[in-house]
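Here is a short walk through a protein model. Keep the sequence and the 3D view side by side as you read.

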Amino acid sequence: MKIIDAHAHVAQFIAGFTSRGELRPVGEGKAQYATGEVFQMFPPEMGDTGVSPEALMSVMDNNGVDKAVLLQGNWLGFHNEYTYAAIKKYPDRFTGAATYDPFCVKAEEIRNHLFDELNFKAVKFELSNGSGLMANREFYIDGKVMNDCFAHASERGLTVVLDIGRPRNSCWQVDAVALAIKKFPTVTFVLCHLLAPQQDDGELLRQSLNKLQFKNVYFDIAALAANQKPENYPYPTAVEHLKTAKSIIGADRLMFGSDMPCTLARDSYKHLTDYIINSAVFTQSELEQVFYKTAENIYFNKR
């Protein structure tokens with residue numbers, strides 16, 4: 001079975017900015033917050049202070065992954081030029097999304113560079129309170145600033161990728177996302193992490209997915225397993241969340257993603273694919289949609 005990883009990251013070097021201040025590399029795949037906390041951000045064999053496209057391709061080749069979608073966010077830091085270079089160097093393996101802070105005074109000039117000059121076909125906004133745009137300011141996703149971003153995406157035919165963080169945080173604005181999506185029916189939206197449900201969020205996930213049943217909305221399931229801590233492989237709660245998602249939005253709206261390299265500090269890539277394949281949630285034809293066909297259509301056919 002062919003695989004596209006619809007949610008992966010490269011980083012020239014760790015350059016994050018979070019609710020705990022700046023996030024910088026300290027070597028061997030470890031990072032340190034401004035608060036002093038040090039943690040293993042990704043496996044040391046994937047890099048010392050950053051993760052190259054070649055490091056990702058090594059993991060991909062070892063696990064039968066044909067292609068990957070390179071996304072960005074505040075945690076690893078913005079790496080638009082590095083992501084662009086990876087896509088240009090390996091067009092048969094990678095595509096990706098640009099990112100920017102819409103609150104920048106020169107946001108329009110940044111957008112002109114990313115989407116007119118570099119010609120990115122997708123834009124991602126990480127909005128979480130922990131390590132996204134709301135780590136240092138709070139705002140309404142259906143407010144003027146973000147609606148301007150969605151209007152810009154609509155004008156240029158961009159796919160919009162949103163990470164709204166975890167439930168019970170102020171960034172997790174499902175109702176506001178639904179309102180914004182209704183305003184831009186021609187824009188394809190991808191919501192990351194299946195909305196990041198935790199172990200006890202089965203009913204909350206069900207309610208939220210029912211609010212987001214739009215023809216132009218898709219979901220990646222990256223880090224779904226990791227979000228069930230301390231649960232380990234084969235991640236029975238993540239499997240239940242997949243059952244819920246399939247029953248409400250359908251298998252054709254779901255895309256596999258690993259969220260590597262960071263998820264690989266906790267588990268193997270093989271486990272992140274096998275828990276889905278062996279779950280019996282999806283038929284063989286549905287697995288082909290989840291692991292390849294939908295991402296091919298959403299990301300690679302738009303290049």
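Where is the place of R168? R168 sits in the loop between β9 (159-163) and α5 (174-183). Its phi is near 75°, a positive value in a residue other than glycine. Helices (H or I, at least four residues) and strands (E, at least two) are DSSP runs, numbered from the N terminus.

The model is predicted: local features need pLDDT of at least 70, side-chain atom pairs count only at pLDDT 80 or more, and totals for chains, interfaces and linings use all residues. Residues are numbered from 1 along each chain as its sequence is written, and side-chain values use heavy atoms, with hydrogens and water left out.

Next come two cis peptide bonds. One joins K229 and P230, with omega about 5°. P230 is in the loop between β11 (217-220) and α7. Another joins M260 and P261, with omega about 15°. P261 lies in the loop between β12 (254-255) and α8 (269-277).

Now turn to a helix pair. The axes of α6 (residues 202-211) and α7 (residues 236-249) come within 10 Å and cross at roughly 25°. Axes are lines fitted to C-alpha atoms, for helices over the stretch in contact, and angles run from 0 to 180 degrees between N-to-C directions. The two helices α6 and α7 are therefore roughly parallel (angles under 35 degrees count as such). From α6, G202, L205, R206, L209 and N210 meet H241, T244, A245, S247, I248 and I249 of α7; contact means heavy atoms within 4.5 Å.

Open space comes next. The largest pocket holds about 1,000 Å³. A pocket is an open set of points on a 1 Å grid over the protein atoms alone, with protein on both sides within 12 Å along at least five of seven lines; lining residues have an atom within 4 Å of a point. A volume is the space filled by probe spheres set on the points. Here 40 residues form the lining, and W75, S131, R166, N227 and D259 lie nearest the centre of the pocket. The elements giving two or more residues to this lining are β5 (38-40) and β8 (122-126).

The whole structure has one cavity of 30 Å³ or more. In a cavity, a 1.4 Å probe fits but cannot get out. The largest cavity has about 70 Å³ of space. Its lining includes I221, L224, F256, L272 and Y275.

Conventions
Angles under 35 degrees count as roughly parallel, over 145 as roughly antiparallel, 65 to 115 as roughly perpendicular and the rest as oblique.
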